Amino acid sequence: MVLPLKDKGAVVPFATSGTMRRYSVPHSWQILKKVLGLYQLTMDIIKMIRVCKMFRQGLKGFREYQIIETAHRKNPVFSFWDGHFPPKAIQITQKKPAWRTEHEIQALCNLLQILDSYRSYSEPLQLLLAKVMRFERFGRRRVIIKKGQRGSSFYFIYLGTVAVTEDEDGSSAFLDPHPKLLRKGSYFGEMGLLTSVRRATVVCMEETEFLVVDREDFLANKLDQEVKKDAQHRFEFFRKMDLFHSWSDEKLWKLVMLGKVEKFSYGQVISKDFVESSSIMFVCQGSCEVLRLINLETSPFYHKWIWQHLQLVDDRPSNTHLKDLSPVERFKEFQIRTYPVQDFSLMKLLHLQKAQGQQGSSFSRKIKTSGNTLPKTLGSKIKSRCPHFIDCSMINTKYGDLPKEAAVGAYMKIHTVEQGDILGLHQILLPENQHDMRPLILISLGAEVIRVREEKFCDLLDSKTIENLSKFKIKYPSDEDMCQKFLKENSWNIFRKDLLRLLVEPRQCPRFTPIQPKKKGIYSPKPVMLDLYSLGKKTKPRHPVFMAPQKYLPPLRIVQTILAPRYKIQELLPQYKNAGVLG
């Protein structure tokens, strides 16, 4: 039993050598402990609020928050509330370079890591750029660089979009359906500091925020040498290509000046439709994938495939056809397959009339000609199986009706572009009426690309180069061929899983495994599956459905796998009649 002491303090029992000793804690320490706990709770709430705001800004904002988080807490950490350049960072850029402290320069350098073009520089140059950069914000239609003028600065785009045009006022960017755009993370104007004359006009397409490096600081920190190294790297890349063996160095340098290296991370979209982008892209490092969004609804092969599998759905539960049939059912199936389905009621009626005539009596009783009057052995033959009609909403297509839920699409990989390959030249020699204008998506697998305008590239072509371009003809497969390939791969993947499940059946007494809490994964395969078993059933989807935008059409649901009714694998492979062969 513990008795309280007379003084104001907490009583803490403590056992030593079987005895209980009382130690009193000062009241001030208890108050300090409560204050510290309240402070920690307040800081946790502030952090949670900031993280929640990052989530509301989307994945891009959350990624920025992770990148700028510094390892040292003494450096300032900026908060992103609306995606704009933080006010504290603006205050740093407004100072003169000599007045900025090391902590401020390091914090600004950490903040600018979200810009791909900034990360391409070495770490010492990043610190130099963070030391001399200043912040600028311009509105829509503001001309940043005018063609023909002397270059005085180069720019990093922190937020917004700009267009590169050939006219002086930049008005053509708002009339061109596919202007050359530069977005967040890009930079421009560095070559103008070397040549002293701007070769193009840059205009803001929306309110845009820039980080500007002036010419004096650019030359003082020897950044011009880095730009020259980058240009020399592009020149060597073009010189190694067979297409440009006949070009002179002067002509090749013109091509070098038309484009610059753009870096893309793994899985990043380079172009949503490079067919209409009017650009020639040279893959100088890494690889890319060419994808095509296939609308399966427009394929006659898909219609035939869907209805062939839906015929396996009958009035029984969706999984009963995968079980073994009883002996009675197997005998009925044998009868149906052996004898034709016929109605013998008229033959029975004729036989009874002859029998009554031989006995000399009149026959006036009406005979029912339904299947119930037939012998029991033939009754099941007349009761033919009626097709199962699925009760679900249908849509009318040019190939017939199709369940509405089965009108889906899929992304198909049709080509892989490796280092040294060129995109956009496969139709450059064809007349416009023969061009394949299907949208093709270009996805980066960790690639560096040099993008050049098609009309500028065509101005440099000569007869020898045009002759070599005939080697770059690539004919992409049709949508119908890709649809058939998708369904064949889908059937093979399902068959492979069924066979593996049959051969390696789990043991009846599985091994003991400790129960671990299930963690919610980022990726769930259910949103990209089409289950034909669930057609017509009222089920509440517990997962989001991925919808891809279609040109001139409403969004299309995207799937990766189609689960369809199928025969039992023992019927297809009788040699694997017993399950668990490899178990």
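**Exercise 1.** Identify the residues that make up one aromatic cluster in this model.

*Solution.* F237, F238, F244, W247, F282 and F457 together form one aromatic cluster. The model is a predicted one, in which local features need pLDDT of at least 70 and side-chain atom pairs count only at pLDDT 80 or more, whereas totals for chains, interfaces and linings use all residues. Residues are numbered from 1 along each chain as its sequence is written, and side-chain values use heavy atoms, with hydrogens and water left out.

**Exercise 2.** State how many aromatic pairs there are, and classify the pair of Y118 and F156.

*Solution.* Rings of Phe, Tyr and Trp (its six-membered ring) pair if their centres lie within 6.5 Å, and planes under 30 degrees apart count as stacked, over 60 as edge-to-face and the rest as tilted. The count under this rule is 18 aromatic pairs. Y118 and F156, with 6.2 Å centre to centre and 75 degrees between the planes, form an edge-to-face pair. Because Y118 belongs to helix α5 (residues 116–119) and F156 to strand β5 (residues 153–159), the pair ties together parts that are 38 residues apart in sequence; helices (H or I, at least four residues) and strands (E, at least two) are DSSP runs, numbered from the N terminus. Y118 and F156 are both buried, where buried means under 20% relative accessible area, exposed over 50%, and partly exposed in between (1.4 Å probe, protein chains only).

**Exercise 3.** Classify the pair of F235 and W253, and assign F235 and W253 to their accessibility classes.

*Solution.* The pair of F235 and W253 is stacked, at 4.8 Å centre to centre and 10 degrees between the planes. F235 has 10% relative accessibility and therefore counts as buried, while W253, at 27%, counts as partly exposed.
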